[in-house]
Amino acid sequence: MSTSQQTPFYHDLHVKYIQSLASKIDSPSSYEGAVTKHLRMSGIYWSLTALSLLVSPEEVDSLMNFTSLPKLDSKQYPESETQSTEPKSTKKSTTILDFVFECYDEISGGFGGNKHQDGHMLYTLSAIQILALADCLSDPRFVSIRPRVILFIQNLQQDDGSFAGDEWGEVDTRFSYCALSALSIINQLEKNDGNDAAIDVEKAAQYIAHCQNFDGGFGCHPGAESHAGQIFCCVGALSIARRLDLLKDPELLCWWLSERQCDSGGLNGRPEKQADVCYSWWILSSLCILGRVDWIRGDKLAGFICKCQDDEDGGIADRPGDMVDVFHTFFGIAGLSLLGTSHQHDFTVVSDVIGDKKGDRYRKIDPIYALPTDICQKLKLKGQIVVMNDTSITTTDDDRLTQYESYNPDKV
């Protein structure tokens, strides 16, 4: 029996935890509200995507006031006792979608992390991902600002192909991924309808390739230390650009990633660091794109993730015994999806709501765009994956990747 089966997945508790965040982050006196104020947009994306992997789109809308303001089903998912006690008469009813548009920065043309904040590449991608989750990329409010959002991203590309995060000029490979992902989601990465691509994709890809190190990994800029989070950003960006051929020695890169598994079963981001649930996403997504997920012990990793759950209030922490947060809750649930663990029929789930459906009822997450696969398929998003000649379980066996181009470095 696998470790993940010994420690069950607390479905209902996670749903309640995510639902309770809506009131917590709006409270200036709460811990969650204080620490997420500057990155509220990304916090919403993590919450909605995590919940989207657990329940149907209709339930996400109902539970989170995503695109409308329905009445909650208190019998199915009772409101958390931690929700705000503020009198209802003083609350302004608004949807999450409304909040997203309130974070649009008229001056820069991008989206900020919260209302009245400057536009930034990170939060612009999060906003676009939220709109994709809501199936609202054609919302008139977005259509009217779409040209300015494109221009915002376009203007942040530097002469060497890199991207700054905002007007103040910090360059990081995270921003390269954000730019390519955001433009791909809104269908502006390639020439279409007689218009040129919004950015120089080839220059962007070449810059990323220059960030690869002697150990196979990638850093935040050329010469920077290899880090698992940056590796996802670089591999994901090259996948979207369909230039995985620029990778120097993909096997060495996969070796570096697989070496991140610790005795606990969890993954760390750099050598000699502790395991952290968030790397379940950064590393697994990269290995999924590169066709080497089987280079780590998936059962041990699933067990580590499940041990990081709060079995009383829900949510997932960075490691067992620590305080949970939405960031690690999302990446833990996403990691179980990438492993395929949450999609197995014998996946042990503690739930009074989903009954005997268990693991086969969960949506899958796309390793390139970090969105449910059905959304990526509906938008016909493009990307590239690596297929090795000797892969015992090939990447193309994963139905979430069938829409993407295949690249075999052994045939070059």
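These are my notebook entries on a predicted model of one protein chain.

**Entry 1: the whole chain**

I began with the overall counts. The protein chain has 412 residues, and 59% of them are buried. I found 16 helices and 2 strands in it. Its accessible surface is about 17900 Å², with 49% of that belonging to carbon and sulfur atoms. I also looked at contacts with a separation of 6 or more: 64% of these join residues 24 or more positions apart.

**Entry 2: the core**

Next I asked myself which residues touch the most other members of the largest nonpolar core. They are Phe142 and Phe163, in a core of 134 residues. Helix α11 (residues 228-241) gives the most to this core, namely 10 residues. A friendly reminder to myself: in soluble globular proteins, nonpolar side chains tend to be buried together.

I then listed the neighbours of Phe142, leaving out residues up to four places away in sequence.

**Entry 3: α7 against α8**

Two of those neighbours, Ile128 and Leu131, turned up again when I looked at the packing of α7 on α8. From α7, Met121, Thr124, Ile128 and Leu131 take part, and they meet Phe142, Val149, Phe152 and Ile153 of α8. By class I get 7 nonpolar, 1 polar and no charged residues. Helix α8 covers residues 140-155, and its axis lies 12 Å from that of α7, at an angle of about 145°. The crossing is left-handed.

**Entry 4: α7 against α4**

I stayed with α7 (residues 121-133) and turned to α4 (residues 40-52). Their axes come within 9 Å and cross at roughly 35°. This crossing is left-handed. On the α4 side I noted Met41, Ser42, Ile44, Tyr45, Leu48, Thr49 and Ser52. On the α7 side the contact is made by Tyr123, Ser126, Ala127, Gln129, Ile130 and Leu133. The class count here is 8 nonpolar, 5 polar and no charged residues.

**Entry 5: Gln377**

Last, I picked Gln377, which sits in helix α16 (residues 373-378). Is Gln377 buried or partly exposed? It is partly exposed, because its relative accessible area is 38%, and buried would mean under 20%. Leaving out residues up to four places away in sequence, Gln377 touches Asp399, Arg400 and Gln403. I also checked Tyr404: it is 27 residues from Gln377 in sequence, and the C-alpha atoms are 9.8 Å apart.

Note on methods. Residues numbered from 1 in each chain as written. Predicted model: local features only at pLDDT ≥ 70, side-chain atom pairs only at ≥ 80, totals over all residues. Heavy atoms only, no water. Axes fitted to C-alpha atoms, helices over the stretch in contact; angles between N-to-C directions. Helix = DSSP H or I, 4+ residues; strand = E, 2+ residues; numbered from the N terminus. Left-handed = near helix turned anticlockwise from the far one by under 90°. Contact = heavy atoms within 4.5 Å. Nonpolar A, V, L, I, M, F, W, Y, C, P; charged D, E, K, R; others polar. Core = buried A, V, L, I, M, F, W, Y, C linked by side-chain atoms within 4.5 Å. Buried < 20%, exposed > 50% of the residue type's maximum accessible area, 1.4 Å probe, protein only. Areas by Shrake-Rupley, 256 points an atom, 1.4 Å probe, with all protein chains shown as cover.
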